[in-house]
Structures are given as structure tokens and as C-alpha cells.
Amino acid sequence: MRTYTHSQQSLVLGLLARMGYPLVILLCVGLLHQTTRAVHMDKLADQKICGDAECSYVLSMATVLDYFISPDCRFLNLRKGQVVYVYSKLIAAEGAGVFWSGSIYSERYVDQMGIIGYFPATVVKETQRFTENTVKIQTTDMDFYCD
């Protein structure tokens with residue numbers, strides 16, 4: 001539910017008093033209309049490997065070997081030499097590409113830090129594993145939801 005500040009509520013009431021009902025109703029409908037940028041995308045895999053049931057533990061660290069330009073909002077743009085923390089590894093269906101999810105870590109690329117997305121496993125090299133204990137879990141629609 002969307003909440004409005006006192007000043008927003010006062011603005012609407014002031015407009016109601018000055019402009020007449022038809023225009024104010026149109027304005028209110030516009031204010032109440034929720035626009036979202038989130039988009040549901042197709043699943044890349046049905047299962048994934050994670051360090052825990054929530055995929056919140058970092059599995060490994062990897063170095064980007066080659067540039068990768070994101071084809072859509074599910075993926076990260078990667079630059080050669082960047083360091084990526086890997087949070088999950090999708091289990092590919094037969095004939096499908098292998099994708100991992102992670103986030104970029106670098107003082108140089110602060111604008112991209114903390115953004116989690118997918119990238120092809122073939123453009124990175126794992127440099128350090130943090131855990132060998134992994135769990136296999138089902139992916140959900142939220143795993144492939146773009147914001």
C-alpha cells in the first residue's frame with residue numbers, strides 16, 4: 001500500500017477545493033496508479049547450487065576473463081579483470097548455457113557493487129572457494145524477476 005506525506009494529502013485537498021471534482025478525480029487516479037518497472041523473465045534453470053538454503057552465503061570468488069554485455073536485466077555487465085562474488089550456480093538443463101549469479105566487488109566499480117545478477121560461467125575463473133558444503137534447491141520465479 002502506498003502512503004502519502006502530509007504535504008501530498010494537503011495538496012490534493014487544496015486542489016479539490018479550487019479545481020472541481022472531475023479534474024481532481026483524474027489527478028487522484030494518476031497518483032494512486034502504481035507503476036512498476038519489475039518484469040517477470042523466463043527461467044534460466046529449474047535448480048541451483050547455493051551455500052545455504054537462502055543463497056546468502058558466498059560460494060566463491062572469481063575473476064572476469066572477458067567482457068560480457070548483459071542481454072537483459074537479469075544479467076550483469078562484466079569487464080575483464082573485475083572480481084565477482086558467486087552466490088549461486090544454476091544447474092543447466094541439457095543443451096542450455098551454464099550461468100552463475102553474483103555481484104561485482106571492486107573499489108573502482110562502486111556504482112555496480114551490491115547488484116546481483118547472472119553471467120555465463122565461461123567468462124570467469126574461480127580464484128577462491130569459500131565453502132565446499134552446498135545445497136541444491138529449486139529456483140523460483142523471483143530468481144528471474146527484473147527490477
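Terms to start: helices (H or I, at least four residues) and strands (E, at least two) are DSSP runs, numbered from the N terminus. I'm working from a predicted model, where local features need pLDDT of at least 70, side-chain atom pairs count only at pLDDT 80 or more, and totals for chains, interfaces and linings use all residues. Residues are numbered from 1 along each chain as its sequence is written, and side-chain values use heavy atoms, with hydrogens and water left out.

**Entry 1: Thr139.** I found Thr139 in the loop between strand S8 (135-138) and strand S9 (145-146). Buried or exposed? Thr139 counts as buried because its relative accessibility is 4%; the cut-offs are under 20% relative accessible area for buried, over 50% for exposed and partly exposed in between (1.4 Å probe, protein chains only). A polar atom of the Thr139 side chain sits 2.6 Å from the backbone oxygen of Ala45. I also looked up contacts (heavy atoms within 4.5 Å): beyond four places in sequence, Thr139 has several, including Lys48, Leu90 and Phe144.

**Entry 2: strand S2.** Next I checked S2 (residues 47-50), where Lys48 and Cys50 form the covered face, and Gln47 and Ile49 the uncovered one. Pairing needs at least two DSSP bridges between two strands. S2 pairs antiparallel with strand S4 (residues 83-91) over 4 bridges, and Lys48 stands opposite Leu90 there. S2 and S8 also run antiparallel, joined by 4 bridges; Ile49 has Lys136 in S8 as its bridge partner.

**Entry 3: Leu44.** Leaving out residues up to four places away in sequence, I see Leu44 touching Arg74, Phe75, Leu90, Phe99, Tyr118 and Phe144.

Terms used
A polar contact is a pair of N or O atoms within 3.5 Å; within protein, one must be able to donate a hydrogen and the other to accept it, and residues adjacent in sequence count only if both atoms are side-chain atoms.
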